[in-house]
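Hi everyone, thanks for coming. Let's take a look at this one together, and I'll walk you through a few spots.

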Amino acid sequence: MKKKLLVILSLLLLTVGVTGCGSQSNDTKIRIGSKNFTENLILAEIYSLALEDNGYDVERNFNISSSVIHTSIVNDEIDLYPEYTGTGLLSVLQLELETDPEKVYQTVKTEYKKQFNIDWLQYASANDGQGLVIRTDIANKYNIKTISDLQKYASELRFASQGEFDEREDGIPALEATYGKFDWKSSNVYDNGLKYEILKNNEADVTPAYTTEGQITDEQFTLLEDDKQVWPPYNIAPIIRGEVLEAHPDIEEILNKIDVQIDTKTITQLNAKVDIEKMEYEEVAKEFYNSIK
């Protein structure tokens, strides 16, 4: 009887020991950051859910200002966050403009590793770049589909600027250097948050936009094709501190499976659910993650 009890106790202790080891292996805390706008919050939450689903303990450090988030990862305050290839190229590395997505990616991948020991994982086809949006009725009236088409009819159109776009190197100066002079019928400065209302209210015809803004899903607006590729690509990718990836190489495969599912149309629709339908970003992220896992 004693022998039997000892065997049972030994088995129980062994079971507890194995369970304890399993929990410990999943105890690693990954600190995920995000910038302070809808799209980045959604992406960071999707990454968080994927890592949690694979046994990681995730600490969310969201809503970090775009101007300081790079410093946060370099200073070991966060471990990974969603970044954009064009931002890495121009804002962080301050290199020359390049419009080929693969060249931009390889450049930032190489330089981030060399300078900061930060790894770029696979980039998504989703491109949150600069663009121009026109009222669809005006686009149909003049048969405007591209920025080249727009330039021809600029004198008939009212431009809703956000001020800095007129002066910024990648704004009007870049457009005019590539496409020629835009001699607008009128050009007025509006708050960025009001631009779609300005177009809806027929106070303007054209406005600068980012190519994944949720409002673009509204049929009243048309995103014009940048047919001469004046703007660099801003493909989405997770970036992660080298030490963390080295210690947990499976993170790369986990997050790469996410990014292959995210194209421009998909992320635009996710943004629209938050910015137009007023869903919580956590709910939108969870719904999307559950649909692809």
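Let me start with a definition: a residue is buried if its relative accessible area is under 20%, exposed if over 50%, and partly exposed in between, using a 1.4 Å probe and protein chains only. Helices (H or I, at least four residues) and strands (E, at least two) are DSSP runs, numbered from the N terminus.

This is a predicted model, where local features need pLDDT of at least 70, side-chain atom pairs count only at pLDDT 80 or more, and totals for chains, interfaces and linings use all residues. Residues are numbered from 1 along each chain as its sequence is written, and side-chain values use heavy atoms, with hydrogens and water left out.

So, strand 1, residues 29-35: six of its seven residues are buried, so this strand is largely enclosed by the rest of the structure. Its neighbour here is strand 2, residues 57-64; the two run parallel and are joined by six bridges (strands pair if DSSP finds at least two bridges between them). One example is Ile32, whose bridge partner in strand 2 is Arg60.

Now over to Glu77, in the loop between helix 3 (69-74) and strand 3 (80-84). Buried or exposed, or something in between? Glu77 is partly exposed, with a relative accessible area of 46%. Leaving aside residues up to four places away in sequence, Glu77 touches Arg31, Asn61 and Ser72, where contact means heavy atoms within 4.5 Å. Glu77 and Asn61 are 16 residues apart along the chain, and their C-alpha atoms are separated by 9.0 Å.
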